[in-house]
Amino acid sequence: MDTIKDILFYYTQNGSYVWEQFYRHFLMSAYGVLFAAIVAIPLGILIARYHKLSAWVISLANIIQTIPALAMLAVLMLVMGLGTDTVVFSLFLYSLLPIIKNTYTGIRNVDHALLESGKAMGMTKFQVLRMVEIPLAMSVIMAGLRTALVITIGIATIGTFIGAGGLGDIILRGTNVTDGTAIILAGAIPTALMAVIADFVMGWLERKLSPNKKRKGALKKNIEEQAA
Amino acid sequence: MLKKNRFLIVLALSLSVLISGCSLPGLSGPAKDTIAVGTMGTSESQIMGNMVRMMIEHYTDAKVEMVNNLGSSIVQHQAMMNGDVDITATRYTGTDLAGALGMDPVKDPEEAMKIVKREFQKRFDQTWFDSYGFANSYAFTVTKELADKENLKTVSDLERFAPNLKLGVDNAWLKRKGDGYEGFVKEYGFEFGKTFPMQIGLVYQAAANGKMDVVLAYTTDGRIKAFNLKVLEDDKHFFPPYDTSLVARNDVIKAHPKLKGVLQKLSGKISTEKMQELNYEADGKMKEPSIVAKEFLEEHHYFENEK
């Protein structure tokens, strides 16, 4: 009970600081995923096309994923120096695998009959991609972004070790003071909360973009129209 | 077609941001045009680091970034040498004499300060500022009641009844060469009745509730004040001095002409007792170092009226 009181006391005293770090933490994670999306989605589409490449690209991304986060940060720090850029770059690397994999899977799973009919209607390759493949794969790609964002929010916490700030700063400070339980929790709870909220929002987007739902909606509308 | 072009432009822009490594909107890191202030993980270091940041922001237009939680004095030094950090907020004369400079300890505080100032200027092209006014060293500490009762002011005052006293100390200190217990006995010429090695964090509580008569504490720890303890003066200068200063790279001082004057305003402004108070605000009352720093500077109006 005392701990809860302490945590609330901590927030009333340091509210603006916590908010600042929360925002910073989120931005680092979001930038990491954003840059990864810019690289990984085209790459995923590419390896879905030339899928001899897929084994190479995916296993490379797999290898990146197996490097422990602290080791990755330490190595990148030697090259890129201290600060947020290094953290954003390592988050970028960690986000690659889920996004590439999901984009690849999403595009590969589009029904061949649909591609053929697109072609038969005289669509160019780019039109098939833009009007058939991507919309149908969208929800799977979103699921990849969702996984990536949740992973990066967790990893961004250790950015504090290379001076990048974020909620990890609060947690680390809690470990340094004499009786830091409340401070550790005051940093850990918002981090967990951010991951849960991000997961929830991305999940909602994913459902919104799901082609099944759209089709059902369209079907319903059709039936209603016919009935009228 | 227009859509495709727009997409390509966005792509190119984002990639160029990523590759050039310049700071992202809303997330400035230690980039070229900002001054990076490095601190260690301790509350003391972060309080002082934030003061340095706020002083610079208050008086100049320069942008400042904090690089917190550097592991040790050596890491701070390396970061300064690499250029990752432009200013380190808390550097202790005794630590850096042995660490960065690799020299023998010097007992006289003024002499030690003179040496680090000279050597950092010469070897590393960095300026060591005057001390903030506090020193974070080891010190023998007793309760106020005991000090008043026996009229204790210095460590030598303990001599007459030392054989009856229980001493609580850091694990490592008892066996340490040089400024350890053995050296202490040689220098002061008396021993304590019993010594109890313990975790440094526990000595304050142990002294406060009477389990120990004398403990070896860190002089700026907030609990000295909170638990009503008294630090005894090291009258024979047995412990090397750990006066605290900030260190800045000379190229930053040159690039920002007002910087030196602004930072010098902090010199001599914070006594060891004041630092105890500030540390206690952070460690005992759970205030963030940045908020402690801000309150302190606002209370003193950023030392505007002083040179």
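Predicted model: local features only at pLDDT ≥ 70, side-chain atom pairs only at ≥ 80, totals over all residues.

Me: What is the mean pLDDT of chain A, and where in the chain is confidence lowest and highest?

Reply: The mean pLDDT of chain A is 89, and 93% of its residues reach 70 or more. Confidence is lowest in helix H9 (residues 211–227) of chain A, where the mean is 62, and highest in H4(A), at 94. Since local features need pLDDT of at least 70, the mean of 62 for H9(A) falls under that cut-off.

Me: Why are H6(A) and H8(A) called roughly antiparallel?

Reply: The axes of helix H6 (residues 125–156) of chain A and H8(A) cross at roughly 175 degrees and come within 9 Å. Angles over 145 degrees count as roughly antiparallel, and H6(A) and H8(A) are therefore described in that way.

Me: What makes E2 and E4 of chain B edge strands?

Reply: Five strands of chain B form an open sheet with mixed pairing, in the order E2-E1-E3-E10-E4. Strand E2 (63–70) and strand E4 (126–128) of chain B each have a single partner strand, so one side of each is left without a neighbour in the sheet. From one strand to the next, the twist averages 25 degrees.

Me: How do you know that E4(B) and E10(B) pair?

Reply: At least two bridges between two strands are required for pairing, and E4(B) has three bridges with strand E10 (residues 244–249) of chain B, in the antiparallel sense. Within this pair of strands, Thr127(B) stands opposite Ala248(B) of E10(B). Helix H5 (residues 109–124) of chain B lies across E4 and E10 of chain B, and runs at about 170 degrees to E4(B).

Me: What makes E5(B) and E8(B) a pair, and to which sheet do they belong?

Reply: Tyr138(B) stands opposite Tyr218(B) in E8(B). Both strands belong to an open sheet of five strands in chain B with the order E7-E6-E8-E5-E9 and mixed pairing. Strand E7 (194–198) and strand E9 (229–231) of chain B stand at the edges of this sheet, each with a single partner strand, and the twist averages 35 degrees from one strand to the next.

Me: How is chain B divided into domains, and which residues join them?

Reply: The domain assignment gives domain 1 (33–135 + 242–303) and domain 2 (138–231) of chain B, with 28 Å between their centres, taken over C-alpha atoms. The contact takes twelve residues from domain 1 and eight residues from domain 2 of chain B. Helix H12 (residues 272–283) of chain B provides the largest share of the domain 1 side, eight residues.

Me: What makes up the contact between chain A and chain B?

Reply: Here 29 residues of chain A are in contact with 28 residues of chain B, where contact requires C-beta atoms within 7 Å. The largest share of the chain A side, twelve residues, comes from H1(A), and the residues of that side divide into 15 nonpolar, ten polar and four charged.

Key:
Residues numbered from 1 in each chain as written. Chains lettered and ligands numbered in written order. Contact = placed C-beta atoms within 7 Å. Helix = DSSP H or I, 4+ residues; strand = E, 2+ residues; numbered from the N terminus. Nonpolar A, V, L, I, M, F, W, Y, C, P; charged D, E, K, R; others polar. pLDDT = per-residue confidence, 0-100. Axes fitted to C-alpha atoms, helices over the stretch in contact; angles between N-to-C directions. Domains from an automatic or database assignment. Parallel < 35°, antiparallel > 145°, perpendicular 65-115°, else oblique.
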